[in-house]
Amino acid sequence: MDAVFEALGDATRRLILRSLAAGEQPAGAVVAALQARGPISQPTVSQHLRVLREAGLVAVRAEGTRRLYSIDPSGL
């Protein structure tokens, strides 16, 4: 449970969750959505997505070479 609160304690990770609330998205779309709000690098977004995944808040699935991210309802 602590991991969930720690993950949600970061404003960027909350923005990622808001973006994913619209539905499953490729990593590039998540990066683009955050870059529209301000400067952020792709590796930084990947690190935030990893934290959210490890906290059980985000699920990822592979589709060819793409990684598609979505909110994991079991984590909430």
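**Reading the buried side of helix 2**

Student: What covers the buried residues of helix 2?

Tutor: The cover includes helix 1 (2–8), strand 1 (25–26), helix 3 (27–35), helix 4 (42–54), strand 2 (58–63) and strand 3 (66–71). Here, contact means heavy atoms within 4.5 Å, and buried means under 20% relative accessible area, with exposed over 50% and partly exposed in between (1.4 Å probe, protein chains only). This is a predicted model, in which local features need pLDDT of at least 70 and side-chain atom pairs count only at pLDDT 80 or more, while totals for chains, interfaces and linings use all residues. Residues are numbered from 1 along each chain as its sequence is written, and side-chain values use heavy atoms, with hydrogens and water left out.

Student: Which residues of helix 2 are buried?

Tutor: In helix 2 (residues 11–20), the buried residues are Arg13, Ile16, Leu17, Ser19 and Leu20. They lie on the same side of helix 2 because they cover an arc of only 160 degrees around the axis. An α-helix has 3.6 residues a turn, so residues three or four places apart point the same way.

Student: What is found at the start of helix 2?

Tutor: There, a side-chain oxygen of Asp10 comes to within 2.9 Å of the backbone nitrogen of Thr12.

Student: How many helices and strands does the protein have?

Tutor: Helices (H or I, at least four residues) and strands (E, at least two) are DSSP runs, numbered from the N terminus. The protein has four helices and three strands, in the order α-α-β-α-α-β-β along the sequence.

Student: What share of the 76 residues is buried?

Tutor: Buried residues account for 28% of them. Of the contacts with a separation of 6 or more, 50% involve residues 24 or more positions apart.

Key:
Arc of directions from axis to C-beta. Polar contact = N/O pair within 3.5 Å; in protein donor to acceptor, adjacent residues only side chain to side chain.
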